Amino acid sequence: MGIFDKLTGSKPVTLNPKSALVLSAITVIAADGVIDEAEINDLAKIVRGDRKSIETAMAVLKANKFPGVIDMVAAVLDEKQKLATLAILCDLAMSDGVLAGEEKQILQMYMDKFGVPEATLKPIIEAIAIKNDFSIFS
C-alpha cells in the first residue's frame, strides 16, 4: 500500500483464481484491438454473473501494465488452473474463427509463463479448432 492510499480511499486489489482467469481472458480478447460480440458472450459465460471478478480484474489491469499482469495471474493459479485457463484462453481467442497474431503472441506468453509444454496443449487446441470450425457444416 502506498503512503497516500489512505487519503484517496484506495486499497490494494488482490487477485483470486477466478479474477485471475477473468484478467487473462480480458488480455486475450482485447489483444487484436477489437472485442466482438462472440468474445463478450464467452466472457459472460466465464464469469457466470460474478461482477466482482470482472471489477477486480479490471482494477488490476488498470493499475498494472501488460505483460506484467501475466506474472500476477501465474502467481495465483495452481497447475490444474493454469491448464484450464490456457484451454479457456485458446477457446476465447479462436471463438471468432480467427487467431490473430497478437492473440497468438499473448497465448504463447501465458503458455511460457505457466510452464505448460506444447505437447500438453496440442490435443486441447486440436479439439478447440474442431469445435470452432463451422465450415464443416456448410
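## An exposed loop residue

Arginine 48 is exposed, at a relative accessible area of 75%. Arginine 48 sits in the loop between helix 3 and helix 4. Its phi is near 45°, a positive value in a residue other than glycine.

This is a predicted model, in which local features need pLDDT of at least 70 and side-chain atom pairs count only at pLDDT 80 or more, while totals for chains, interfaces and linings use all residues. Residues are numbered from 1 along each chain as its sequence is written, and side-chain values use heavy atoms, with hydrogens and water left out. Helices (H or I, at least four residues) and strands (E, at least two) are DSSP runs, numbered from the N terminus.

## Helix 4 and its two sides

Helix 4 has 13 residues. From its first C-alpha to its last, helix 4 reaches 18 Å, close to the 18 Å expected at 1.5 Å a residue. The expected span is 1.5 Å times one less than the number of residues.

Which residues of helix 4 are buried? They are Ser53, Ile54, Thr56, Ala57 and Val60. These residues lie on the same side of helix 4, because they cover an arc of only 165° around the axis. The arc is taken from the directions that run from the helix axis to the C-beta atoms. Helix 2 (17–29), helix 3 (37–47) and helix 5 (68–76) are included in what covers the buried residues. On the face turned away from the buried side, helix 4 carries the exposed residues Arg51, Lys52, Lys62 and Ala63.

Alanine 57 belongs to helix 4 (residues 51–63). Its relative accessible area is 0%, so alanine 57 is buried. Leaving out residues up to four places away in sequence, alanine 57 touches Ser19, Val22, Leu23 and Ile26. Contact means heavy atoms within 4.5 Å. The C-alpha atoms of alanine 57 and aspartate 42 are separated by 16 Å, and the two residues are 15 apart along the chain.

Threonine 85 is part of helix 6 (residues 79–94). Threonine 85 counts as buried because its relative accessible area is 3%. Its contacts, again not counting residues up to four places away in sequence, are Leu21, Ser24, Leu77 and Phe114.

## A cis peptide bond

Phenylalanine 66 and proline 67 are joined by a cis peptide bond, with omega about 15°. Proline 67 is placed in the loop between helix 4 and helix 5.

## Salt bridges

Side chains of opposite charge can pair when their charged atoms come close. A salt bridge is a side-chain nitrogen of Lys or Arg within 4 Å of a carboxyl oxygen of Asp or Glu. A search of the whole structure finds five salt bridges. One of them joins the side chains of lysine 113 and aspartate 71, at 2.7 Å from N to O. This pair links distant parts of the chain, with lysine 113 in helix 7 (residues 101–114) and aspartate 71 in helix 5, 42 residues apart. Lysine 113 is partly exposed at 41% relative accessibility, and aspartate 71 is partly exposed at 40%.

The side chains of lysine 131 and aspartate 91 also meet in a salt bridge (3.0 Å, N to O). Here too the pair links distant parts of the chain: lysine 131 is in helix 8 and aspartate 91 in helix 6, 40 residues apart. Lysine 131 is partly exposed at 46%, and aspartate 91 is partly exposed at 22%. A further salt bridge, between lysine 82 and glutamate 79, has an N to O distance of 3.6 Å. Lysine 82 and glutamate 79 are three residues apart in helix 6, so about one helical turn separates them. Is lysine 82 buried or exposed? Lysine 82 is buried, with a relative accessible area of 10%, whereas glutamate 79 is exposed at 55%.

## A nonpolar surface patch

Phe134, Ile136 and Phe137 form a nonpolar patch on the surface, and together they have about 410 Å² of accessible area. Patches are made of residues with over 30% relative accessible area and no salt bridge; like charges are joined within 9 Å, and nonpolar side chains (Val, Leu, Ile, Met, Phe, Trp, Tyr) within 5 Å. Accessible areas come from the Shrake-Rupley method with a 1.4 Å probe, and for residues only the protein chains shown count as cover.

Phenylalanine 137 lies in the segment after helix 8 (118–131). At 68% relative accessibility, phenylalanine 137 is exposed.

Note on methods: Buried < 20%, exposed > 50% of the residue type's maximum accessible area, 1.4 Å probe, protein only.
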